[in-house]
Each structure stands twice: as C-alpha cells, then as structure tokens.
Amino acid sequence: MKKYWILFIAIGLTVAAVLTVNTAYNNADETSPASAVQPVLLLTEDETGSFYMRLKQGMEDEADITGANVTTSVLGADAETQIAGLAGENYSAAVVYIRDNGMLAQTLEALRQSNIPSITIGNAQGDYAVMQDTMADARQMAACVRETGCTRVLMLEGDNGAISDDFTSLWDGELIMIATPADGSRYPDACLVGFSAQGIRTLLDAKAEGGIPATMPFFCCDTGTSRAADLETGYIMGMLVSRPYKIGCLAMDACNRLTGKSGTATVTRYASCIITTGNMYDADNVDIMFPLLL
Amino acid sequence: MGKILKKSHSLYSALMFSFAIYSFFMLSFIVFTLLPSTSSLLVQNAIDRTKETVLQSAGSVDIYVNGLLSTLNYTSASITDTLGRDDARWQNQMDYFKESSSDITDMAVFKADGSLLYSTSGEMNQQEAEITSQEWFQKALLWQGSSTYFSSPHVQHLFGSQRNFVITLARSFYYDYSNNEQQTGVILMDVRYSAFEKLIKNTRLSVSGYLYILDEHNNIIIHPQMQMIYSDLYQEDTEPVVEHVLGITQDTTGSRQRSLIIVTLANTRWRMVGVAYYNEIFSLQSDFRRTMLLILVCAALLSMIPATLIARNVTKPILHLEHKMQKVESGDLSVSIGERSFTEIRAVSVAFNHMLARIRMLMDQVVQEQEKKRLYELNALQSQINPHFLYNTLDSIVWMEERGKSREAITMVSALARLFRISISKGRTIISVYEEIEHVRNYLIIQKMRFKEKFTYEIHMDEDTRNLKTVKLIIQPLVENSISHGLDHTSFEALHIAVSVTIDGDDLLFCVKDDGVGIPREKAEKLLAFPAGKSGIGLKNVHERIRLICGNQYGLTIQSEEEEGTTVYIRLPRNLEVSE
C-alpha cells in the first residue's frame, strides 16, 4: 500500500508544480511591466504649485504606461537626512524639481551619495536634464512676430532672459534695444518682446499706464500665475509657456532611459507653446492656462 | 498495444497501462476536438463583448446627451411660450436646472443680436459683438432650431470671473417679444467636459483597449491620453476612422494590429471609436489553449490515481484467488474465498467455492465409501468362522460322541449354536454388551472343553453395561489370541484369562487380560500400527472396525510384558449410536 501512496503523492506534487508554474507564468504576464521598472522618486520643495501638480500628473500617466510607480517627497531644510532615509527604498531614479539653488545642490549631492541617479528639470546639474529648448522657443516667438507683419522688434536693455540670446541671434529683422518703455512709443509699427520676468512686468506696466500704446503687439515668455489675466487684458499677443504635463512625461521617460541605459544623451529638450488670446481657451491649452479645471 | 499487452506479465500493469492510455486518448480527443471551436468561440465572444462594450458606452453617452437636450428643449419651449409675459417662470426653470445638475455650469439666453436676455451666472463679461462671432452662436442661428450645436471642449469665460472647461450646447428658438413679429434667440448650455469624459474614460476594451470620441470635424475631443495628445507625446491615428460612421475597421500601429469599432452618436454628430488590440483578444485564445493543455497533462497524471486504484481493486481479488488456489494445490481443501468483489470476480469466487465444496463432498463421499467398503470387508472377515476352530470343535464333538460323552457333546454343540447365532445377529454390526459377553462366554466354553485344564477364565460384566451397545465380535478375537499365543506349552501352570467390561467416564471399557507368555514391547507397539503378520490380523481388524465406526479416539490399547502377560483394552463410546 505504501508504494501507492508514494505514487499518488508524486502525481499530486507534479500536478501542483505544473499548476504553480502556469500560475506564475500568468502572473508574470500580468505583472511584467510593473516588475520591469523600479519606483521613481519625485523631489520638490513645494507641492502646492500648479506646475508641480501637472508635472507630477504627467510623470504618473507616463509611469502607468510603462508600469512604474512614482513616489513623491517634499524636501525641507534637512533634505540630506530625508534623502539618506529614502536611499534604502531602492529607487531607480529621482526627478528633482527644486527652484532654490542651495537646496538643489544639497539634494543632488545627497542623491549622488545615495547612488540614486537624478533628473533635473530646467537645469543641467543632474545626471540627466529635461530642459527648455530655448532655440525652438525663440524660433516660435520670431515666427509669431513675423505673422504680425512687424519687421522691427523692440527689446528692453538688460532683458536677458534665457532665450533672449537665441532670439537675438536668429531674428533677421531690425532689433532695437530701448532703455525705457517710453522709448518704445517712438516706434508704433514695432513689436515688443520680453524675456525676463522683470522686463515683461515693466513693459506690461507701461502698457497699462499708457507709456506704450496698448495695441502694440507684445510677445513674451511666461508671466507665471497671472498669465491668463495678462492675456485677457490684450496687452500680450503671444506668450511662450512650457507645458508641465509634457515635462513630467519627458522626465519619466528620462528615468526609463537612465535606468535602462538606452542611448548616451543626458538631456531631453522640450519646446514651449505659444499661447495667444485666440487659443488660450482651447481645450489643448487648458492644461497650461487653467490646470485646476482638469 | 496488443503486442505490449501480450508482453505484459501482470494484469495490474496491463490495466494500468490500458487505463492511462485510454484516459490520455479520451482527454486528448476531447481537448483537440473542442479546442479549435472553443477558442474560436472565445475570440468571437471577446470581439462581441468589445462591440457590446462600445455600444453600451455609446448608449450611455446618448442617454446622457438626450437628458441634456430634453432640458434644453424644455427650456426653449418655455421661453417661447412665456418670454415677455412671465419671464420669472422660465428664468426660475433655468436656475433650477443649473442648480439641480452639477454638470451644467451655465445656462443663458441671447437675442439674435448677441445681447443677453438672461444668464444663470450673472452679467456677461464679453461684448455682444464677440458673442455673435462665436461659432456656437452662429451655428445655432444657422440651424434655426432644427438641431442643437455641440461645441468642442473649451474654456468658457462668458460670465463674471468664472472659467469652466465645458462643452457648449446651443440652439435657436423663436419668440414673440414685441407681440407683432417673430424673433429668434439662442439658448446656451455649458456642460462640464468632465461629465462627458467620465462616461468613457475608464472603459477598457480587453486589457489596454480604450474608447475615444471624435467630433464632426474628426477632432478628438475625448481620449484617455488626451493630455499626451495635446503635449504631442501621443498620436491617435484617426485616418482609418474618417471615412466610417458605423462598423468595424482595422489598422496597424507599430507592430500591433487594432480593431476599430465605430459608432455614430445620436444628436451630437460625434463618433465613438473603440480600439481593441488583436493580440490581446487572441491572447485569450492562447491562454485558453495553454490552460487546456495543462489540464490535459494534469488530468493524464491524475488519471494514474484511479488507474492504480482500479487496477489494484481488480487484481487484488484475482491475486487472492490465486493464493487460495495455491493452497488448494498444496492439499488444503478447507479454504474459502470471500465473495465481496466485482460481479465477475464474485462469480468466479462463488464457482470456486462451489467447486471446492463439491470436491470436499466428493472426497468425503469417497472416504466414506472407502470406509464403508473397508468396514464391510472387516465385518465380513470378522464374521468368518475360523475353519480350524470349526473343524476342531466338530472333531471334539465327534470324539465326545464316540466316547459316549453325549452331555458334554450337547453342551459344546449348544455353545457353538449360541456362538453362531450371536455372530450372525441378523446381520447387525452393533449388539448389546450382554450379547457380546455371551458370545465370548460360549467361545470360552467350547475352548475350555477342548483345552481342559490348560487355561482358566473369568468374565466380569458391570450390570450397568449390560444393555449398552458395542461393536459386534470384538472380544472373541482377543480371547482367541490369548489362547493361541498365551499358552505356554512347556509350562505346567494353566493360563488365566480375565474378561471384564466397565464404564469409564463417558466410555465403555472392555479389558481382556491374560497371564501368558506376553509379547515383546516392540512387537506389541507395532501390532496396531502396521499391517501385522498373521498373528496380528484379529487385533488390527477389531481396532480398525472400532475406529471406522466410532472414531479415531476409540479402539484398542495393548499393554504387554514378556513372561508377565498381556492386557488389551477396548474403549468405545458409552452411548454408541450407529444406524445400521
């Protein structure tokens, strides 16, 4: 009788093994994308901004496609300690969206010590960077200016934004540097361009106060949280605004590139959008102009 | 198969092998017969389910849109009826509709010149000229109330400071405001984009299939990856869909072939497109095939368990039968086979038991017949009168008559007559103890008359034994032996023979004792064991007759000492019952 039991147990074990292998195979089918990518860390100093929220949404949506997951962490003054605590969590990479230069440097150093690859947004200090394509943006702005028929562009002296050099280099019309906004009133057929926050604000104030004709076309970079109001006043004809959702997707893609060691590039560049009074309410710009409506 | 079975040495392995092969082929037949049709059905079912999901989702959108249109139509009818006469009524209705549905962000009524008649959200922040230039306003007027305009998703910023991401519904209506001519107005309803989006956003076709909606200009207005499309990170190829309003088409994106299920939504001029990936639909088929093959393997393995049990249950009674047969072969006919098994095995067992019973019965019958035959032979032999004894007795009678000893001759003749009468006993084998004693007494009378003083005798019979039964003619041969072999012709002392019969417990005990020359111990021990010589015939005959009639525990016991004499005990059952 003993030999029968041995036979039965052997058959039972074989069947169990076959079923286990099959179950594991099925589970592997279902979970292979998730198990292929390790979690990614998103570090910021402020999680309340709409840019950050859309950036995070973009990362999460991209992560859903690749099967990864995103963990966020808001860094305080003790960023190094926080990162040291996160080091044991086996993160494959960290996307760093920190605007304070001191905290950014501190964070990147802590990540290096923890052997976590970093992806920085808007600067090239990390192992990988997702940065604005300033030349493409300058090209867009120049095209918009040309569409108005202007051949003369007014630019405030000292308005040295990130893309001003690129714009200056590719603009093939007349470029006039004005010392004050009031100087612009001498060129009623010209277009205004603004690049730095200070320069843009100065020109807007001048328009509001009548220092510059309100109808003079004005193209500028992003004015931040007041961008919708600035466009609705009509003082700005076109505004270059980056799409944080897209940046989030690209950052997540950069994580995959970095951890997958695919390619040798260390920078992904993105182009901004030109938002005008004509398209600011379009569905494809809600993400940029009114992210809270989504 | 036949060769394999012929080569098999055990029924067990043959059964195991047959059952396993049979199970495997049956399962294989079932699996491979049903697999193609079932897997095709699975695929068809998956496609049907996908189509059904798309149709259900389209139905959900239609139902939702119909609800909005009902609200819009009801409101426009109310405005037509009461504008200028009971404005509070239709305005309250509009307020009610807006308040009762969180999806509706604004409702407003405009004149044909773009001036605002009423808004649920307060004052307008745009100029009339801007209203009249907007597409929703122009289309509503153009269609003259024949249908409702549905805009693309956009941010609405008409009233106050509020901004909403909406789809605008607009239609024109007629009213008689000045009581002298019919005028046209436009009613607007803004519905949150998220209300439409949630109707389809989370719907999944197969694993990663999805739904999206195109407007009448083939622009995607709702898509699960809408933000990625806006970000130029994802492109939905709508080219294959453009020419279709209803049905199924297919395309290939990358290496993946897709099924595109297209449904035109009622009232909106939108089209819903369901995207299902063929590899996911067919993965059901491959999963099913793999699972079925695994089931086949497992079932084939598991079938070994019942195969083993069945083979064991079938062969166990056969092996048991074989074991019993071997016992029978070795001479043990007392075996019996249990009859709790399969019908066929039980039938064989029953037949075997019957055969054994029959053999036992026949053998018993043979033994009995042999015993009877032997008994008849022994009885016949016992009944024979020793011719020497008869000749000597008759010679003695003649001698007595010649000598004028008529009285003695009469005594001897009388004794001889009684001796013969008891010997015959009407052919009975069993007689009373008294008759047996009388028989030996007559014999001793005759012998005493012949041998005179050469021996003496005494007979003692317990009165209790008188009427008991005994095997006939068992004492006389012993007494004859005592006389024949106990007499020492060289001695001058007379031989004494003592015959007694007593009860010993449940037995009847005869004793014939003489003080003759005795028998050597070795010879005495062999007298009953082996076919003896001439001198042992009488004793062995008596011994065998008693055992045949009464059983092996009964019979003769001989005690003898040379020069001391011989004592022979005969043990019989006290209550001897034998049918004659």
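Me: Which element gives the largest share of the lining of the second largest pocket?
Reply: This is a predicted model, in which local features need pLDDT of at least 70 and side-chain atom pairs pLDDT 80 or more, while totals for chains, interfaces and linings use all residues. In the lining (residues with an atom within 4 Å of a pocket point; a pocket is an open set of 1 Å grid points that fit a 1.4 Å probe, with protein on both sides within 12 Å along at least five of seven lines), the elements (DSSP helices of at least four residues, H or I, and E strands of at least two) that each supply at least two residues include β5 (128-132), β10 (238-241) and β11 (267-270) of chain A. The largest share, four residues, comes from α2(A).

Me: How many residues line the second largest pocket?
Reply: Residues are numbered from 1 along each chain, chains are lettered from A and ligands numbered from 1, both in written order, and side-chain values use heavy atoms, without hydrogens or water. Among the lining residues, A:F51, A:Y97, A:D222, A:R227 and A:S242 lie nearest the centre of the second largest pocket. By class, its lining has 20 nonpolar, 10 polar and seven charged residues. The number of lining residues is 37.

Me: Which element of chain B gives the most to the side that touches chain A?
Reply: Elements with two or more residues on that side of chain B include β4 (154-156), β5 (164-175), α7 (226-230) and α10 (304-329). The greatest contribution, six residues, comes from α9(B).

Me: How many residues of chain A are in contact with chain B?
Reply: On the side of chain B that touches chain A, there are 14 nonpolar, eight polar and three charged residues. Contact (heavy atoms within 4.5 Å) involves 25 residues of chain B. For chain A, the number is 32.

Definitions and conventions:
Ala, Val, Leu, Ile, Met, Phe, Trp, Tyr, Cys and Pro count as nonpolar, Asp, Glu, Lys and Arg as charged, and the others, Gly among them, as polar.
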